[in-house]
Amino acid sequence: GISEATVSLALNNNSLVNEKTKKRVHEAAKELKYFPNMVAKGLATNKSNTIGIIVPDINIVFYANILRAIDEVVNRAGYSLLAAMSNNDPQIEEEIIRTFISKRIEGVLAVPTNKPTKFLTSYQKALREYNIPLVYITSLYTIDEIRYVMGDIREGTYMLIKHLTDLGHRNIVFIGGNRTVPTTSLRREGYSRALGEKGIPVFAENLIECEDIHYDQAALVTEELIGRRRDFTAICAMNDEMALGVINTLQKAGIRVPEDVSVVGYDNTIFSKVSMVGITSMDSDIEGTCQQAVDMLLQVVRGEIPEEPHIMTKPAMIKRQSSGPVKETEN
């Protein structure tokens with residue numbers, strides 16, 4: 001006994017419809033097993049009420065934690081989340097962006113790949129043409145006019161290396177990804193700064209690059225490292241999963257952690273807690289980072305201009321058993 005327009009307003013909980021009528025409409029919809037056709041609604045309004053997110057690899061716990069946190073924040077904001085994985089491949093990342101555009105995604109959150117890419121200009125241009133905002137999260141591509149929210153990994157790595165140098169370590173190995181990618185290059189800057197403050201030179205042999213930032217890759221390069229030399233007293237891994245690979249490989253070779261070699265990781269994920277030797281790590285405040293990234297993206301979706309388009313969240317060190325004083329015989 002009411003108009004289609006009123007039904008539509010009631011289903012969308014519009015304040016123009018009184019509560020009694022809203023209740024009747026919702027009860028009728030439930031009884032009739034009616035669900036709004038969101039595809040049709042999107043075509044009519046040219047809005048999907050959906051946010052897209054791209055992560056490099058769901059098998060890495062850090063990225064899985066980001067997905068979980070983003071999903072919670074996006075749902076609280078009244079949006080749906082469409083997630084996709086780039087397999088750490090820049091070309092797949094571009095293809096996902098184009099798929100998002102075809103699905104009328106209202107905004108995109110992207111965790112960049114850990115590899116150099118040549119596809120940025122084309123998909124950035126495509127997003128601008130369709131007026132779809134993009135915010136990078138937990139990392140960035142070093143290009144103009146980008147928005148990002150990420151942990152200050154340069155400062156975090158500086159704090160970790162300073163922690164090690166304060167414990168007397170001077171020969172510290174850093175295991176990361178491709179040096180041209182910000183997630184590694186920023187960490188290297190923090191590493192170099194901490195050593196420089198103590199007057200410790202940075203040796204190329206102590207900067208190890210991995211093709212992938214996984215457990216197996218860290219275990220492999222650690223095995224190769226100890227096959228060549230045993231003069232290092234500490235290792236800083238790019239993440240906790242890699243740090244666990246380092247620790248297990250060292251212990252398999254009879255090298256004690258931290259008595260012989262100290263090891264530190266990053267992100268304070270489950271790996272840092274389940275390791276037989278608790279891993280000293282940096283907490284990246286994933287929840288806070290994700291909340292700020294979604295807030296920034298939705299501001300732009302609404303046509304607002306964020307006060308600060310570049311946000312670095314502050315990391316916090318979590319000290320555990322994997323880092324200790326350098327052996328006196330090494331002094």
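Helices (H or I, at least four residues) and strands (E, at least two) are taken here as DSSP runs, numbered from the N terminus. The model is predicted, so local features need pLDDT of at least 70 and side-chain atom pairs count only at pLDDT 80 or more, while totals for chains, interfaces and linings use all residues. Residues are numbered from 1 along each chain as its sequence is written, and side-chain values use heavy atoms, with hydrogens and water left out.

Helix 2, residues 19–31, has 13 residues and reaches 18 Å from its first C-alpha to its last, close to the 18 Å expected at 1.5 Å a residue, the expected span being 1.5 Å times one less than the number of residues. Where the helix starts, a side-chain oxygen of Asn18 comes to within 3.1 Å of the backbone nitrogen of Lys20. Just after the helix, Lys33 adopts a positive phi of about 55°.

The buried residues of helix 2 are Thr21, Lys22, Val25 and Ala29, where buried means under 20% relative accessible area, exposed over 50%, and partly exposed in between (1.4 Å probe, protein chains only). Seen down the axis of helix 2, these buried residues fall within an arc of 100°, so they line one face of the helix; the arc is that of the directions from the helix axis to the C-beta atoms. An α-helix has 3.6 residues a turn, so residues three or four places apart point the same way. What covers the buried residues of helix 2 includes helix 1 (4–11), whereas Glu19, Lys20, Lys23, Lys30 and Glu31 are exposed on the other side of helix 2.

Ala243 is buried, with a relative accessible area of 0%. Leaving aside its neighbours within four places in sequence, Ala243 is in contact (heavy atoms within 4.5 Å) with Ala237, Val263, Val264, Gly265 and Ile279. By contrast, the C-alpha atoms of Ala243 and Ser185, which lie 58 residues apart along the chain, are separated by 18 Å.

The cysteines remain to be considered. The structure holds 0 disulfides, a disulfide being a pair of cysteine sulfur atoms within 2.5 Å. The sulfur of Cys210 is 12 Å from the closest cysteine sulfur, which belongs to Cys236, and this is too far for a bond. Cys236 is likewise in no disulfide, its nearest cysteine sulfur being that of Cys210. Cys210 is buried, with a relative accessible area of 4%, and Cys236 is buried at 2%.

Key. A polar contact is a pair of N or O atoms within 3.5 Å; within protein, one must be able to donate a hydrogen and the other to accept it, and residues adjacent in sequence count only if both atoms are side-chain atoms.
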